Amino acid sequence: MDSVFLAEIPWPEAERRIAAGAPVFLPLGATEQHGHHMALGVDVVIPTAIAERAARAVGGLVAPTVPYGNRSQPRTGGGPAFAGTLNLTAHTFALIVRDIICELYRQKAHKIVVINGHYENIAPSVEGIELALDHLGRDRVGDLTILRMDHWDLVQPQTIDRIFPDGYPGIELEHASVIETSLMMALRPELVDLSKALHDGPAQFKPYDRYPRPMEEVPPSGVLSMTEGSSAEKGEWLLADCHERIVEIIHVEFGKGKTR
Ligand code: ZN
Ligand code: MN
């Protein structure tokens with residue numbers, strides 16, 4: 001029962017750890033296609049693993065990961081036309097984030113770290129946090145600090161240069177590509193089969209959206225860039241960067257002497 005997962009400990013233990021000042025991590029995921037070569041749960045697996053490692057290092061807890069994400073978009077996740085992608089509207093997603101944060105605060109968790117793993121969750125997770133602050137009353141939560149981060153932003157530029165010596169396609173196009181594939185090869189290799197990759201990218205998107213969405217520009221495999229060059233070793237580099245950075249951030253934001 002020494003798990004960092006809130007769902008794996010009894011309530012008196014949760015109460016004790018929160019009272020002792022444990023930061024609570026909230027991973028945000030999605031159930032979304034990730035090509036022919038990876039499982040639908042990539043955006044759940046990655047932020048959950050990053051949160052688990054960080055929580056172990058800083059004496060934190062990990063709240064259950066939100067397994068559904070805001071609506072997948074063609075230019076960043078392939079969009080809705082793939083079997084298995086289960087979308088929430090931005091409105092619903094923001095309200096879920098709001099409610100969980102309000103519940104954590106009611107439970108006296110005052111250090112909350114939101115770790116996002118799905119591109120389309122960026123804006124509605126910010127909105128969910130803002131709605132929580134509106135709901136709780138911004139002038140009444142002087143003891144609350146919420147940090148929100150997207151795991152790909154925690155990677156050092158030198159690591160990106162090492163992984164992409166020929167140039168980085170950018171995180172929007174990285175969907176189901178080298179970063180996510182490498183992370184999955186490091187974390188859950190049994191959920192990756194590179195022999196199934198189709199190599200039909202990279203996508204050539206127009207710089208605008210048209211509705212209802214034409215899907216011709218999305219590579220049929222659902223991989224927006226490429227999988228060539230993915231490896232578990234690169235995944236470990238990415239995980240190490242994320243981990244180091246989060247531990248440092250937790251120290252700076254919640255370190256001794258900091259009251260909020
Ligand atoms: Zn993903
Ligand atoms: Mn995604």
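A residue is called buried when its relative accessible area is under 20%, exposed when over 50%, and partly exposed in between (1.4 Å probe, protein chains only). Keep that in mind for the exercises below.

This is a predicted model, where local features need pLDDT of at least 70, side-chain atom pairs count only at pLDDT 80 or more, and totals for chains, interfaces and linings use all residues. Residues are numbered from 1 along each chain as its sequence is written, chains are lettered from A and ligands numbered from 1 in the order in which they are written, and side-chain values use heavy atoms, with hydrogens and water left out.

**Exercise 1. Find the protein donors of the manganese ion (ligand 2) and describe their spacing along the chain.**

Step 1. Look for donors, meaning N, O and S atoms within 2.8 Å of the metal (3.2 Å for Na, K and Ca); water is not among the atoms, so sites may look incomplete.

Step 2. Written as a spacing, they read E-x10-D-x74-H. Glu32 sits in the loop between strand S1 (24–28) and helix H2 (42–58), while His118 sits in the loop between strand S5 (111–116) and helix H5 (122–136), so that this pair, 86 residues apart, links distant parts of the chain. Here helices (H or I, at least four residues) and strands (E, at least two) are DSSP runs, numbered from the N terminus.

Step 3. Now check the neighbouring metal: the zinc ion (ligand 1) is 3.3 Å from the manganese ion (ligand 2), and Asp43 coordinates both.

**Exercise 2. Decide whether Glu32 is buried or exposed, and do likewise for His118.**

Step 1. Glu32 has 1% relative accessibility, so Glu32 counts as buried.

Step 2. His118 also has 1%, so His118 is buried too.

Step 3. For context, buried residues make up 50% of the 260 residues in the protein.

**Exercise 3. Work out how covered helix H7 (residues 178–187) is, and what its buried residues pack against.**

Step 1. Count: nine of the ten residues of H7 are buried, so the helix is mostly covered.

Step 2. Name some: among them are Val178, Ile179, Leu183 and Met184.

Step 3. Find the partners by contact (heavy atoms within 4.5 Å). The buried residues of H7 pack against H2, helix H6 (157–163) and helix H8 (232–254).
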